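Have the sequence and the 3D view open as you read.

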Amino acid sequence: VKDLTVTNAVIDGSNKVCGILAGYVGTLQDVDGDGNNDELSATVTNVSVQGTVSNTSGRAGGFCGNSVFAEFTDCDADVTVSSNGSDVGGFVGKAQQTVKFTRCNVKANVSSSAAEKNRTAGFVGYLNTTTSSFDDCHVLEGSKVTDNSAKTASTVGYYGGLIAYDGSTVSNTITKCS
């Protein structure tokens, strides 16, 4: 996806993975029929989204609910994202495998009412990658991350400005981000 602007979007994903650009960006599947998953990368360049995203199951993001083998460059989001589930982010709800973010900015009002886990952040709710990089990416002034749940002492919540929970297995690089 290249050179796209989406404004005034209203996405109601009910119990689906959702975002303004897409529910999923990128994929992992067997394309050549050899029985092994092939890494198919997605590139998103110079894309801007603005609007609201809501769902009841989690994996909701301003750009996308889930990214797998994806690269985002020069992208901006001005969004309100709310969910009753976990993995909620102003940019991406859940990022998997290899992801790269370069010069991406988000202004977000992000909230979740999930009672457990509740990985909610201004940029990525749940980072679960083998390799990721964030270069010159920013959660802008005026952004807000809110816990709307009725937690008990035995439940866990993870919240962050950039990333709420990092379950990555190999390496993450974060440079010039705020």
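Let's begin at V110, which sits in strand β11. Please keep in mind that you are looking at a predicted model. Is V110 buried or exposed? Its relative accessible area is 0%, and because buried means under 20%, V110 counts as buried.

## G26, in a loop

Now turn to G26, found in the loop that links β2 (22-25) and β3 (27-29). This glycine has a relative accessibility of 21%, so it counts as partly exposed; the cut-off for buried is under 20%.

Although 44 residues separate G26 and A70 in sequence, the C-alpha atoms of G26 and A70 are 5.4 Å apart in space.

## The nonpolar core

If you colour the model by residue type, look for the largest nonpolar core, which has 37 residues. Inside this core, the residues with the most contacts are F63, F72, F91, F101 and F123.

Which elements give two or more residues to this core? They are β5 (42-55), β7 (64-73), β8 (76-83), β10 (92-102), β11 (105-112) and β13 (124-135). Among these, β5 gives the most, with five residues.

## The whole protein

Stepping back, the protein has 18 strands and zero helices. Its radius of gyration is 15 Å, close to the 16 Å that the globule rule gives for 178 residues, so the protein is as compact as a globular protein of that length. The C-alpha trace spans about 45 × 35 × 30 Å along its principal axes. Of the contacts with a separation of 6 or more, 78% are between residues 24 or more positions apart.

## Surface and charge

How much of the protein is buried? Buried residues account for 44% of the 178 residues. The protein exposes about 8,100 Å², and 45% of that area comes from carbon and sulfur atoms.

As for charge, there are 12 positive and 18 negative side chains. The centres of these two sets lie 6 Å apart.

Key
Residues numbered from 1 in each chain as written. Predicted model: local features only at pLDDT ≥ 70, side-chain atom pairs only at ≥ 80, totals over all residues. Heavy atoms only, no water. Helix = DSSP H or I, 4+ residues; strand = E, 2+ residues; numbered from the N terminus. Rg over C-alpha atoms; globule rule 2.2 N^0.38 Å. Buried < 20%, exposed > 50% of the residue type's maximum accessible area, 1.4 Å probe, protein only. Contact = heavy atoms within 4.5 Å. Areas by Shrake-Rupley, 256 points an atom, 1.4 Å probe, with all protein chains shown as cover. Lys, Arg positive; Asp, Glu negative; His and termini not counted. Charge placed at Lys NZ, Arg CZ, Asp CG, Glu CD. Core = buried A, V, L, I, M, F, W, Y, C linked by side-chain atoms within 4.5 Å.
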